[in-house]
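Please consider the sequence and model shown here. A short report follows.

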Amino acid sequence: MALIQCPECHKEISNHALNCPACGFPLQSTNLHSGAKKRSQAQFLASVVGFGSHNFYLGFYLRAIIQLLLTSVGLPLLLIGGILTFWFPLGGLSLLGVGILMVLGVLIWQLIEWHRIKTQSIKKDAKGQPLV
Ligand SMILES: [Zn+2]
C-alpha cells in the first residue's frame, strides 16, 4: 500500500481507497485507468501486426496462443506447399490448401475482433479494465 495525495484536498490517502476519506473525492476511476489498455493500440495490433498480438496485449492469452499457433504453423505450410507443388502436385496442393485455410481463418478471426474493438463490442481487457 502506498500513500498518494488526494487531487482535491491534497491530504495523504491510500492508493487503494475508492474515495478520499477526508473530502469524498472519487478515486476509483483514476486508479483503474492507470494500467488501462488503449483501444487504438489493440486495433493496430489486430489489423497490422497479427499473430494474436492484440489478444496478448489485452490479456486474452488462450485466444492469443491459438492465433499465434495457427499463423506460425499455417504460414510455413503455405510456403512449403507452394514450393512442393512443382514436384509433388497432390501433396503440395494439400499442404498449400491447409496453410491457406489456417492463415485465412486467423485473418478473418482477427478482422472480426478488430471490428469488435473498433465498434466497442469489446470494451474491456481480460482483467475487466475498460479500454481508453
Ligand atoms: Zn480529498
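## Exposure, domains and helix packing

K38 counts as exposed because 11 C-beta neighbours lie inside 10 Å; the class requires 12 or fewer other C-beta atoms within 10 Å, with C-beta atoms placed from the backbone. The model is predicted, so local features need pLDDT of at least 70 and side-chain atom pairs pLDDT 80 or more, while totals for chains, interfaces and linings use all residues. Residues are numbered from 1 along each chain as its sequence is written.

K38 lies in the loop between α1 (28–32) and α2. Leaving aside neighbours within four places in sequence, K38 is in contact (C-beta atoms, placed from the backbone, within 7 Å) with L131 and V132. The C-alpha atoms of K38 and Y57, 19 residues apart along the chain, are 9.5 Å apart.

An automatic or database domain assignment supplies the bounds below.

| Domain | Residues |
|---|---|
| domain 1 | 3–35 |
| domain 2 | 39–118 |

The centres of domain 1 and domain 2, taken over C-alpha atoms, are separated by 44 Å.

Helix α2 (residues 39–49) packs with helix α5 (residues 89–118) at an angle of about 165 degrees, and their axes are 9 Å apart. α2 is therefore roughly antiparallel to α5, a term for angles over 145 degrees. On the α2 side, R39, A42, Q43, A46 and S47 meet Q110, E113, W114, I117 and K118 of α5. By class, this contact of α2 with α5 has four nonpolar, three polar and three charged residues.

Notes:
Axes fitted to C-alpha atoms, helices over the stretch in contact; angles between N-to-C directions. Helix = DSSP H or I, 4+ residues; strand = E, 2+ residues; numbered from the N terminus. Parallel < 35°, antiparallel > 145°, perpendicular 65-115°, else oblique. Contact = placed C-beta atoms within 7 Å. Nonpolar A, V, L, I, M, F, W, Y, C, P; charged D, E, K, R; others polar. Buried ≥ 20, exposed ≤ 12 C-beta atoms within 10 Å, placed from the backbone.
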